[in-house]
Amino acid sequence: MITRRTLLAGLSGLALAASGPARAQGAERMRVTATFSILADLVRQIAGDRVEVAALVGPDGDGHVYSPTPADARRLTASRIVVANGLGFEGWIDRLVRASGTKATIVEASRGVRTLKAADDHGQGHAHGSVDPHAWQDVVNVKLYVATIRDALIKADLPGADGYRARTDAYLAALDALDREIRDAIARLAPDRRRVITSHDSFAYFEAAYGLDFVAPQGVSTEAEASARDVARIIDQIRRERIPAVFLENVSDPRLVERIAKDTGAVTGGRLYSDALSGPDGPAPTYIDMMRHNIRAISQALSS
Ligand SMILES: [Zn+2]
């Protein structure tokens, strides 16, 4: 609906920025910034078109080791809400928030999830007892993320509350269906084939929730390189336990896993999306698409 006010805002937007009507319309909407692509999708599912959502780390980007830009700081300043995963995933976010001076509400989407300890047996120097941040790999955790995001949106924009609630309810139902779909797919795999290799330890929550075993030469962050000893240990393990498939990740250097596949003769099962979505034309443009793509890739590699 075009009211006199949006029309005026549109005209002044055009005059000031000479940017099209989309920009002018955006000026009316609340701005929310998410730290990375997966969270940005969750916010979009709940916010509908009431909110202008942006991600700091975009598709296929690595949120562990991101270097924020001055444009990111400006984006934070213009935002009402900043949604972060927390659990130490975005090591750079606190400094960026301070540097930007933003008055935005900072929402930790993982609040309330049952956390897993980071696997610290890779000699990566993780502090003992540090937490694994990849909680979104369990769909049940994402239901908590979504409720937290809904509550933050309602608090910041009460007139949109009914819409936020309705979209959340529909999305929660879709997440329940996704959770069942993953469980069914895993149940169809032979128990002795439920093991795969990935490059970094990002699937522990998936493993705990759905009972598939992931082994990774790199630790829970992509920050540390896998040591030669870690790689040799994994190669031994693949041969000894006849692990059928190794997977590349969209956020990791593919060379490590390609070398392991070559040395062991394990099947390369394609690309898993662990810490970031694909672009809009890729196989994982939303969280639900991402989980479906991963389970399909895993099922194909392990049932062949
Ligand atoms: Zn990760």
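Two strands count as paired if DSSP finds at least two bridges between them, and strands (E, at least two residues) and helices (H or I, at least four) are DSSP runs numbered from the N terminus. Keep that in mind as the tour begins.

Before you click, note that this is a predicted model, in which local features need pLDDT of at least 70, side-chain atom pairs count only at pLDDT 80 or more, and totals for chains, interfaces and linings use all residues. Residues are numbered from 1 along each chain as its sequence is written, and side-chain values use heavy atoms, with hydrogens and water left out.

**Stop 1: the sheet**

Select E1, E2, E3 and E4: they form an open sheet of four strands in the order E2-E1-E3-E4, with parallel pairing. At its edges are E2 and strand E4 (105-108), each of which pairs on one side only. On average, neighbouring strands here are turned by 20° against each other, direction ignored; the axes behind such angles are lines fitted to C-alpha atoms, for helices over the stretch in contact, and angles run from 0 to 180 degrees between N-to-C directions.

Now zoom in on E3 and E4, which run parallel and are joined by four bridges. Val83 stands opposite Val107 in E4.

**Stop 2: two loops**

Pick Asp60 in the loop between E2 and H4. Asp60 has a positive phi of about 60° although it is not a glycine. Then pick Leu87, in the loop between E3 and H5; Leu87 also has a positive phi of about 60° without being a glycine. Are these residues buried, partly exposed or exposed? Asp60 is partly exposed at a relative accessible area of 39%, and Leu87 is partly exposed at 22%. Here buried means under 20% relative accessible area, exposed over 50%, and partly exposed in between (1.4 Å probe, protein chains only).

**Stop 3: the zinc ion**

Next, select the zinc ion with its protein donors, His64 (NE2), His134 (NE2), His200 (NE2) and Asp275 (OD), which lie 1.9 to 2.1 Å from it. Donors are N, O and S atoms within 2.8 Å of the metal (3.2 Å for Na, K and Ca), and sites may look incomplete because water is not among the atoms. The angles among the four donor atoms are 94 to 117°, and the site is tetrahedral (four donors with all angles between 85 and 135 degrees). For reference, the ideal angle for four tetrahedral donors is 109.5 degrees.

Along the sequence, the donor residues are spaced H-x69-H-x65-H-x74-D. His200, in the loop between strand E5 (195-197) and helix H8 (204-210), and Asp275, in the loop between strand E8 (267-272) and helix H11 (287-303), are 75 residues apart. Both His200 and Asp275 are buried.

**Stop 4: aromatic rings**

Rings of Phe, Tyr and Trp (its six-membered ring) pair if their centres lie within 6.5 Å; planes under 30 degrees apart count as stacked, over 60 as edge-to-face and the rest as tilted. The count comes to seven aromatic pairs. Among them, Tyr66 and Trp92 are edge-to-face, at 5.1 Å centre to centre and 65° between the planes. Trp92 is buried, with a relative accessible area of 8%.

Finish on Phe203 and Phe214, a stacked pair at 4.5 Å centre to centre and 10° between the planes. Ring pairs link Phe203, Phe206, Tyr210 and Phe214 into a cluster.

Notes: Four donors count as tetrahedral if all angles lie between 85 and 135 degrees; four count as square planar and six as octahedral if opposite donors are over 155 degrees apart and all others between 65 and 115; anything else is irregular.
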